[in-house]
Amino acid sequence: MLPVRFLLDRSLGQRVLAARLRDAGWDARTLADEYGDERAQRMRDEEWIGAGATAGYFLVAKDHRIATRPLEAHAIYAHDAKVLVFARGDLTAVQMGDLCLEYSDKIHRLAAARGPFVYSLAAHGLARKRLAAPGSRPATTTMST
């Protein structure tokens, strides 16, 4: 199995979470690491989703609504993106790191699955989110791993 490479959205910060994951052995990069700070600040969500997925990254974002916004959902579909989001937007970087490390095995197994998908991570585990599509309403289902 190939090692998993994670790309963290700018909304997750540039230091604390990335450092925490790296210290635990994850191959984690921020948008600024990958594209430079200036470009990272200007990238629209659909742009970094497409670029990151095309480069083979498992994407990590803070905003779980990424699955329901048409432009982002389209980018996820179009690029077979694999996305992990946090169910709560008020988590600190330390709390997000704790969750990632608690569910590390499941997250890494999920990375081997075929995209496109968005999974939400919360204290109770991972839940698959439905991507917005014409004529459908977004919903959440529970992951069985």
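Tutor: Let us begin with Leu 31. Beyond its neighbours within four places in sequence, Leu 31 is in contact with Leu 7, Leu 8, Asp 9, Arg 10, Gly 36, Ala 40 and Trp 48. Please keep in mind that this is a predicted model.

Student: Is Leu 31 buried or exposed, and in which helix is Leu 31 found?

Tutor: In general, nonpolar side chains of soluble globular proteins tend to be buried together. Leu 31 has a relative accessible area of 1%; because the cut-off for buried is under 20%, Leu 31 counts as buried. Leu 31 belongs to helix α2, residues 31-35.

Student: How far can one trust the coordinates along the chain?

Tutor: The average pLDDT of the protein chain is 88, and 90% of the residues score at least 70. Over residues 134-142, however, the pLDDT is below 50, and this stretch has 13 contacts in the model beyond near neighbours in sequence.

Student: Which residues touch the most other members of the largest nonpolar core?

Tutor: That core has 26 residues, and those touching the most other members are Phe 6, Leu 8, Phe 58, Leu 84, Phe 86, Ile 107 and Leu 121. Two or more residues come from each of β1 (5-8), α1 (16-23), β3 (58-61), β4 (82-86), α6 (93-102), α7 (104-111) and β5 (117-122). The most is given by α6, with four residues. There is also a second, separate core of 21 residues, which includes Leu 7, Ile 49, Tyr 57 and Ile 66.

Student: What is Phe 58 in contact with, leaving aside its neighbours within four places in sequence?

Tutor: The contacts of Phe 58 include Val 4, Arg 5, Phe 6 and Leu 7, then Lys 82, Val 83 and Leu 84, and also Ile 107, Leu 110, Ala 111 and Phe 117.

Student: How many bridges join β3 to β1, and how many join β3 to β4?

Tutor: β1 and β3 run parallel and are joined by three bridges; Val 60 is the bridge partner of Leu 8. β3 and β4 also run parallel, with four bridges between them, and Ala 61 stands opposite Val 85. From β3 the chain crosses through α5 to β4, a right-handed β-α-β crossover.

Student: Which residues of α7 are buried, and why do they line one face of the helix?

Tutor: The buried residues are Ser 104, Ile 107, Leu 110 and Ala 111. Viewed down the axis of α7, the buried residues fall within an arc of 125°, so they line one face of the helix. Their cover includes β1, β3, β4, α6, β5 and β6 (125-129).

Conventions
Residues are numbered from 1 along each chain as its sequence is written. This is a predicted model: local features need pLDDT of at least 70, side-chain atom pairs count only at pLDDT 80 or more; totals for chains, interfaces and linings use all residues. Side-chain values use heavy atoms; hydrogens and water are left out. A nonpolar core is a set of buried Ala, Val, Leu, Ile, Met, Phe, Trp, Tyr and Cys residues joined through side-chain atoms within 4.5 Å. Buried means under 20% relative accessible area, exposed over 50%, partly exposed in between (1.4 Å probe, protein chains only). Contact means heavy atoms within 4.5 Å. Two strands pair if DSSP finds at least two bridges between them. A crossover is right-handed if, with the strands pointing away from the viewer, the path from the first strand over the helix to the second runs clockwise. The arc is that of the directions from the helix axis to the C-beta atoms. pLDDT is the predictor's confidence in each residue, from 0 to 100.
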